[in-house]
Amino acid sequence: MKRALVLMLIILLTIPFVSGGELTYYPDQKAFQAFLSSNATYRVVGGNETWAKAWAYYVDEKLSTVKERGNETLVLVGNVYNNPMIKAFWPKTGLPENASLLPSVIVLNGTVLITGTEENIYMTERAFEELWNPPVESQVSFAVLLALIAIVFMLALRKDKTYAGSFYALTLSLFVLWYLTAQIPRMSEVFLQYFLQGLKFAVGGSPDSPLGAILGGFFMVVRPIEENLVFAHWVLILLLISFSFYIAPKRARELGFIVFGLSFASPMFRNYLHHLDGTTLGLAFFLITLAIISNIPFSPNKVKAFLQTLILSTFTLLTLAINPYLAAIPLLFVMVFPKRHLRNYAYLLMTGVGLALLYVYFGLPIGVPRHVNPNGWRYLARFLLNTALAILVIVYAVIYREKSTKMRGQTPFLMMMAAIYIPLALFIPELLPYCFIILSSLVARMIYILTLQT
């Protein structure tokens, strides 16, 4: 008997690793695939800890896209220490109890075990990542949402009496082409941890991070499956494209195509959008914040001005929740737009209090890393290569603009952002995708200044 137990353990530990970390299958991956393709119904039972209940919630929703719920196959999630049903079944595996702490998928005697701990259970997502079967309601909602966004922005841009509407139609066609030819984005390993945090929040646990809280709120509305995250990812990309036209000068919205083109034409920038890792969400909040700064003429009416400031503060805080190193935004805003003191004080107070709460509750990083990131210079060199055209245009515009042409408002704001965050990216490479947007927006502003001289 002891020899059999040792042999079973050796077999489990020597099973070849599959893509996505240390996830293992027993007896093999084909057994799990056979379960997925079978007609047998299933019932998921999670452990009694929040993370096990959360992951069971995901497994249940994911399996429901290809199988019917029922009682033919038990799917047990957790480990022997938090799931009594796994503990009762575990002796049949012939493995020591602590083996259930490893991220694994075990198919035995008509029962499926998905095991692990709070620190590694997310790795078992890789067992489902090739399972792509979006529900009909998700597909319909996705199509309707894309159509609504496109129609709203198209109608709004056509009112500008410029070529903005035509250029926006061109960007839409490029977006559709990109969507039809792109591969399905996958969750990075880091994002999978936020994914688990979101699931925990959705089932009643406490959020561990701002991104986890945002995902949890999302999962309270839609099913927590990869298909819905991918659809949300493409919706965010369309919002990025659409709001690019609203960080261009008001009188030249068509220059939004320059913002879009310079950013999305860069292979490095597009690479940031190839994965599900929170970057697209952060960029969307950032672009909306810039669009508000660039377009809202703050009303002298106190109530209306308060609501406008509240909206700006909200999107600023959402941006900082994803990337807290962008905290200079409100300070630069007050420096560049110093006239409305009451609005500026309210903006600083709202964002300051909100940021302090984020720091206290989630423990966000305070201060800049003291040492250059090991890959900082390499990333910065790639960034400069990918933005060489934008940099040349900015330099040309600065040199050849007429001295009588003053740069006001958004232009110095973007210049100061670029001056701060491009060097800071040496320490925090996660800032580079935001720097693409900053430089592209600045190019549009500088081109507009040059056209005023002709």
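Predicted model: local features only at pLDDT ≥ 70, side-chain atom pairs only at ≥ 80, totals over all residues.
User: Let's start with helices. How do I describe two packed helices?

Analyst: Two packed helices are described by the angle between their axes and by the distance between those axes. Here, take α5, residues 136–158, and α6, residues 164–181: they pack at an angle of about 160°, and their axes are 8 Å apart.

User: Are α5 and α6 roughly parallel or roughly antiparallel to each other?

Analyst: Angles over 145 degrees count as roughly antiparallel, so α5 and α6 are roughly antiparallel to each other. As for handedness, α5 passes α6 in a right-handed crossing.

User: Which residues make the contact?

Analyst: From α5, look for Phe-142, Leu-146, Ile-149, Ala-150, Phe-153, Met-154, Leu-157 and Arg-158. From α6, the contact uses Ala-164, Gly-165, Tyr-168, Ala-169, Leu-172, Phe-175 and Tyr-179. Sorted by class, that makes 13 nonpolar residues, 1 polar and 1 charged.

User: On to the loops. Where does Pro-27 lie?

Analyst: Find β1 (24–26) and α2 (29–37); Pro-27 lies in the loop between them. Check the backbone there too: the peptide bond from Tyr-26 to Pro-27 is cis, and its omega is near 0°.

User: And what about phi of Asn-109?

Analyst: That one is near 50°, a positive value in a residue other than glycine. You'll find Asn-109 in the loop between β4 (104–108) and β5 (111–115).

User: Is Asn-109 buried or exposed?

Analyst: Exposed means over 50% relative accessible area. Asn-109 has 59%, so Asn-109 is exposed.

Note on methods
Residues numbered from 1 in each chain as written. Heavy atoms only, no water. Axes fitted to C-alpha atoms, helices over the stretch in contact; angles between N-to-C directions. Helix = DSSP H or I, 4+ residues; strand = E, 2+ residues; numbered from the N terminus. Parallel < 35°, antiparallel > 145°, perpendicular 65-115°, else oblique. Left-handed = near helix turned anticlockwise from the far one by under 90°. Contact = heavy atoms within 4.5 Å. Nonpolar A, V, L, I, M, F, W, Y, C, P; charged D, E, K, R; others polar. Buried < 20%, exposed > 50% of the residue type's maximum accessible area, 1.4 Å probe, protein only.
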